Amino acid sequence: MSAHEDELLEARARMLAGHDMWSLAAEPALGFPGLTMSDGPIGVRGVHWSGDPSVALPSPTALAATWDTALARRVGALLAQEARRKGVQVLLAPTVNLQRSPLGGRHFECLSEDPLLTGRLAAQYVAGVQEGGVAVTVKHFVANDFETERMTADVVVSERALRELYLLPFEIVVKEAAPWGVMAAYNGVNGTAMSEHGELVNGVLRGEWGFDGFVVSDWFGARDTVGAALGGLDVAMPGPHTVYGPALAEAVRAGKVPEEVLAEHVARVGTLAERTANPPSPAPVDGAALAREVAARSVTLLRNDGVLPLAGAPRIALIGGLAKDARVMGGGSAQVTPERVVSAWDGLRAADLDVVYARGADPSDRLPALAAPMRAVALAEDGTVLGEFPTPDGALMWVGRLPGGIDPERLHTVVLRGTFTPEVSGAHLIAAEGVGEFRLTVDGEALLDGAVAPEGDDPFAALFFPAQTAFPRVWEAGEAVSVELAHRVRGGGPIPFVGFAVAHRDPRADADALIDEAVAAAAVADAAVVVVGTSKEVESEGFDRTSLRLPGRQDELVARVAAANPRTIVVVNAGSPVEMPWREDVAALLLTWFPGQEGGHALADVLTGAAEPGGRLPTTWPAVLADCPVVDVTPVDGTLRYDEGVFVGYPAWQKAGTAPAFEFGSGLGYTTWAYESAAHADSALAVTVRNTGTRRGREVVQVYLSPAAPDPDSPARRLAGFAVAEADPGATATVTIPVPDRAYARWRDGAWHTPPGDYLLHTGRSLTRTPLTTPVHRP
Ligand code: BGC
C-alpha cells in the first residue's frame, strides 16, 4: 500500500467514526462534507443540550393516539424545518420499538403496542422529514423494548414474533418510506449484539427488504471493530473514541475487514451526504400552531358523563402540581428545550376561563432548578478563568461540546454563582444536583463539601436522572441569598460532559393541608379539573418503571376532590399507562399524554369544545399492573426472554381473557357515530359511517382481522387497517381501508404463509366495539 493509499484508507475509516458527540467530520480528500445528527423524536435538540430552543411536539404516544398518518407527515415536515434551521442533516428518530410491557421506560417514546399502527405512522413521519431534505434513523433495530441492562442484555425471541411484531414496523417504514438511515439497538438478539448482527442487518434489512440507507450505532453501542464492520454497521457514534477510525483502518490492513466491506460503508455514508446536501426550502410551518393541533387531536377522552365540553361560564377549581409545573415530555435523549411551556394553568387562563388554583398534590419530591439567573465560571487547575457563561437558571448541561471552544483537557472546575431572592419566608430546600465532587456554599456557609457517588451503571444516568443532595434553610422573603456551587469536573470520559445544578424548593404547606385546600376549592367551584400524572423519576430513558401507580398522593387527591364535586374532570398527564382506581367515580377522564410545549392551550381547546378530543388508545390501559399479561423487563443472567411469542398487547389480553380498564382503540369524541356499511372488494374495505350527533366530528375507523375458525396459536384479532373519517352532523363519510394480502399472512418455517380459508373483518371504534362484520374467503 502506497503512502497515499494508506492516507485514503485512514480517511475512509475516519469518515465512519464519530468526530464528537453529534457529528462526522469533513474529509476533503474524499469529497465528504461532514454531517450533523441530533435527537428526535419530538423536536430537534441540535448540538447543544440546552440553550438552543426547539419546538417541542407531543410525545410519540400522543401522536399515535391521533391514528392520523397525514398528521404524522406534517409533523415530519416541521421537524425537517427545525433540523435545517439548526444545521442538522440527520434526525435520530422515529422510535419504532414496541410497547411490549407497560413498565418499559421508553414506552412514551414508542408509538404503540401494535406493529401496524406503529409502522404506518412512522412511515409518514419519515416521509415528511425526508421530503424536507433531512435524513432519519429509524430506531432502535431491533427488540429494544426495555431499559434494564439495555446496553448489554440479549433478547431471546422466536423468529415468528420477531417477524410478526418487532421487525414489522421497520419493514413497513422501509417499504413505504425508504428511510435514509436506521439505528442499531444496544441489545443483542438471540445471542448477537445488534451492532454486529449481519443476519438481521445485511440479511433481512438490506437483503430482503432492500433498505439502501446507512446504519448507525446507538450511542456507545458499537463495541467490536471487526464484528461491527462485518455485521453491517456503517457508522460508530459518538466520537472521538470509537471502534472505527484508526482501529478500522488497522483491521483492514490486517485483512480482518475486506476493503470491499469498507468501501460499501463509505459509499452508504457518501449517499447520505448526497441525499441531504441540497434540502428544499418549502413554505414555513408554524411550529407552535402544529404542536397545539397535534396535542388537541391526541387528547383521549375515556369517560364523559356530559360535563364536557364545558357549557356556560363555570367557575373552575384547577388542581394539581402538574397543572402548573406541566410535564410536557418524557425523560432522556428525547428531551428538547422548548422556547416556552404552556401549562394547564396558563392555557385555561388564556382561554378566559374563570379559574382558581390549588396545588393539592405533587407527583414528585424532586427539587426544580433554582429559578434565578446564574453565571458559570469555567476554571483551569491553576485557577485561570477559561470562560464565563450566563445560565437562565440553576441548571448547567454541557454535553459533547464545551461552550466557547474550551479545551476539555484544561477544564478542571466549573463554579455556578448567583443571587436568589425568596418570595416566601420559611423553610426552603436548597440542593446540589449531580454526581462527583461538589462544594455548595450559601451566604458564605459551606453546606456540602465532598463527593456524591453515581447510582447504577448506565452511562447516561448522570445525565437523565442525577442525585440531589438537599439542605433545609430558613429564609425571609425579599432578603437576597448568595449561592455558589463548585463542581470538580471528572475528565477522562468518552465525551466531554459537565452536568449539575443548584436546585431549590419554596416552603411547602404540609401534604394533608394541601389536599384539604384543594378539596375546599373544589367544593365551592362549578367544576374541578384535576391534573395528575407521572414524573421524571417514573418515565424516562435509562431505567424501567416499577409500578403503574400515580406517584405521591395523587390518587387520594382525585378521590377526595371527586367526592367533594360531582363535576370532577381528571386530566392524566403521563406518557404511558397508569392505574386509575377512581376512574368510575369521576365525571370525565381525559389523557393528555406528554402534550408538548402547547399542552395547556390544547387542553383549554378541548375543555371548552373549541377542539374535539380526537385520541384513541394506541395501547391497552390496564386496571392494575397485576392484570397485564406481559410485564417482565428484567433480564436474568443478561438475557430477557420474550416467551410470550406473538401474544403482546391486546392479543395477549384477549388470550388471557382479562378485561383491561380501557381496551385498545378506545376514545370518545364530542359527537356520536353509526357504522352503516362495510364492503370488501379489491383487497380493500369501504366503510361508511354516519355522524349521528350534533356537531362536526372525527372518527377513527378501525378494522380488525380474525380467522373465522379460531386458531389458538395466533391472535384472536389483529389490527388490519384504519382511517380517520370526518363528517358534519347527519352526514356520512366513506373511507377506503386497504387490507393487503400481507394482513392475512403468518410467519412459518422461514417464510410468510397465508392459510387459505375464511376470515372476518371486524369494523368499529375499538378492539371489540365492532358493529360491522365482513366475511372474506381466501382461496
Ligand atoms: C439513545 C438513542 C439516542 C442516542 C443519542 C441513546 O442513549 O438510546 O435513542 O438517539 O442516545 O442521544
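Reader: In which hand, left-handed or right-handed, does H3 pass H11?

Author: The crossing of H3 with H11 is left-handed, where left-handed is said when the near helix is turned anticlockwise from the far one by less than a right angle, and right-handed when it is turned clockwise. Before going on, note that this is a predicted model, in which local features need pLDDT of at least 70 and side-chain atom pairs count only at pLDDT 80 or more, whereas totals for chains, interfaces and linings use all residues. Residues are numbered from 1 along each chain as its sequence is written, and side-chain values use heavy atoms, with hydrogens and water left out.

Reader: How is such a pair of helices described in general, and at what angle do H3 and H11 pack?

Author: Two packed helices are described by the angle between their axes and the distance between the axes. Helix H3 (residues 69-85) and helix H11 (residues 287-298) pack at about 150°, with axes 11 Å apart; helices (H or I, at least four residues) and strands (E, at least two) are DSSP runs, numbered from the N terminus, and axes are lines fitted to C-alpha atoms, for helices over the stretch in contact, with angles from 0 to 180 degrees between N-to-C directions. H3 is therefore roughly antiparallel to H11, given that angles under 35 degrees count as roughly parallel, over 145 as roughly antiparallel, 65 to 115 as roughly perpendicular and the rest as oblique.

Reader: Which residues make the contact between H3 and H11?

Author: Contact means heavy atoms within 4.5 Å, and here Leu71, Arg74, Val75 and Leu78 of H3 meet Gly287, Leu290, Glu293, Val294 and Arg297 of H11. By class, the contact of H3 with H11 has five nonpolar, one polar and three charged residues, where Ala, Val, Leu, Ile, Met, Phe, Trp, Tyr, Cys and Pro count as nonpolar, Asp, Glu, Lys and Arg as charged, and the others, Gly among them, as polar.

Reader: How do H1 and H10 pack?

Author: Helix H1 (residues 3-15) and helix H10 (residues 259-277) pack at about 55°, their axes 9 Å apart, and are therefore oblique to each other, in a left-handed crossing. Leu9, Arg12, Ala13 and Met15 of H1 make the contact with Leu262, Val266, Val269 and Gly270 of H10, and by class this contact has six nonpolar, one polar and one charged residues.

Reader: Which residues come nearest to the ligand?

Author: A residue is near a molecule or strand if one of its heavy atoms lies within 4 Å of it; of the 14 residues around the ligand, Asp39, Arg106, His140, Tyr186 and Asp218 come nearest. A polar side-chain atom of Asp218 lies 2.6 Å from a ligand oxygen atom, one of His140 lies 2.7 Å from a ligand oxygen atom, and an N or O atom in the side chain of Lys139 is 2.9 Å from a ligand oxygen atom.

Reader: Where do cis peptide bonds occur?

Author: The bond from Asp39 to Gly40 is cis, with omega near 5°, and Gly40 is found in the loop between strand E2 (35-38) and helix H2 (60-66). Another cis peptide bond joins Leu308 and Pro309, with omega about -5°, and Pro309 is in the loop between strand E11 (300-304) and strand E12 (315-319).

Reader: What is phi of Ala143?

Author: Phi of Ala143 is near 65°, a positive value in a residue other than glycine, and Ala143 lies in the loop between strand E5 (138-141) and strand E6 (154-156).

Technical notes:
Polar contact = N/O pair within 3.5 Å; in protein donor to acceptor, adjacent residues only side chain to side chain.
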